[in-house]
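Reader: Hi! Could you walk me through this one with me asking as we go?

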Amino acid sequence: MTAADVPTHVFRPRRGRVVPVIVGVVVLVAAIVLAVLLPEKYQLVDRVMITAMGAAIAGLMSRYATIRAEPRGEGLWVRNIGPGRLVPWPEIEAVRFSGGMPWPRLDLADGDDLAVMAIQRADGTDAVLEAERLADLIAQPPA
């Protein structure tokens, strides 16, 4: 298989995008409704804090919903929950995705490893196929 034969579209979780969006929206709406319906003994600051907590949870859920790994010419750009990281192709030695792992891990040349949360075991057989595609990309990086 050559590099031209391996699809280079972005890796994204399927269920891992839908669930956080739903949870984030539900929590935010519930926080706003709760803040509005609180008894009068609660102050404005209490209502604002409840709404802010709901917004913070929704913000965290939005980070989960935007997890992805993008193959590029210079390397694999991985965005888990935190900031993204570009890992040059030569630094990636292997992909591990065994039985109980929730997502694959990249073995890096410096001895470290990096989770690729964009491929999630919860996606079933699609996750295995995507991990195989990632391994193929590492073996034959795109130009």
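Reader: Thanks! Let's begin with D126: buried, exposed or partly exposed?

Author: D126 counts as partly exposed, at 31% relative accessibility. Buried stands for under 20% relative accessible area, exposed for over 50%, and partly exposed for what lies in between, with a 1.4 Å probe and protein chains only. The areas come from the Shrake-Rupley method with a 1.4 Å probe, and for residues only the protein chains shown count as cover.

Reader: And what should I know about the model?

Author: This is a predicted model, where local features need pLDDT of at least 70 and side-chain atom pairs count only at pLDDT 80 or more, while totals for chains, interfaces and linings use all residues. Residues are numbered from 1 along each chain as its sequence is written, and side-chain values use heavy atoms, with hydrogens and water left out.

Reader: Great. Which side chain does D126 meet in a salt bridge?

Author: That of R14, at 3.6 Å from N to O. D126 lies in helix α3 (residues 125-139) and R14 in the segment before α1, so the pair ties together parts that are 112 residues apart in sequence. R14 is partly exposed too, with 41% relative accessibility. A salt bridge here is a side-chain nitrogen of Lys or Arg within 4 Å of a carboxyl oxygen of Asp or Glu. Helices (H or I, at least four residues) and strands (E, at least two) are DSSP runs numbered from the N terminus.

Reader: How many salt bridges does that rule give?

Author: The count is six. One of them links E130 and R133, whose closest N and O atoms are 3.0 Å apart. These two are three residues apart in helix α3, so about one helical turn separates them. Both E130 and R133 are buried.

Reader: Which residues do shared partners join into one network?

Author: R96, R105, D107 and D113, through salt bridges that share partners.

Reader: Nice. On to the strands: how do β1 and β2 pair?

Author: Strand β1 (residues 68-71) pairs with β2 in the antiparallel sense, over four bridges; pairing requires that DSSP finds at least two bridges between two strands. The hairpin joining β1 to β2 runs through three residues, and R68 has R79 as its bridge partner in β2.

Reader: What about β2 and β3?

Author: Antiparallel again, with four bridges between β2 and strand β3 (residues 85-88). This hairpin has five residues between its strands. G75 is bridged to P88 in β3, and W77 to L86.

Reader: How many residues of β2 are buried?

Author: Five of five, so to speak a mostly covered strand (residues 75-79).

Reader: Last topic, the surface. Which residues make the nonpolar patch?

Author: V21, V25, V29, I32, V33, V36 and L37 make a patch of about 630 Å². L37 belongs to helix α1 (residues 15-37) and is exposed, at 66% relative accessibility. Patch residues have over 30% relative accessible area and no salt bridge; like charges are joined within 9 Å, and nonpolar side chains (Val, Leu, Ile, Met, Phe, Trp, Tyr) within 5 Å.

Reader: And which residues gather in the patch of negative charge?

Author: E91, E93, D110 and D112. Asp and Glu count as negative and Lys and Arg as positive, with His and the chain ends not counted; a charge is placed at NZ of Lys, CZ of Arg, CG of Asp or CD of Glu. E91 sits in the loop between β3 and β4 (92-96) and is partly exposed, at 34%.
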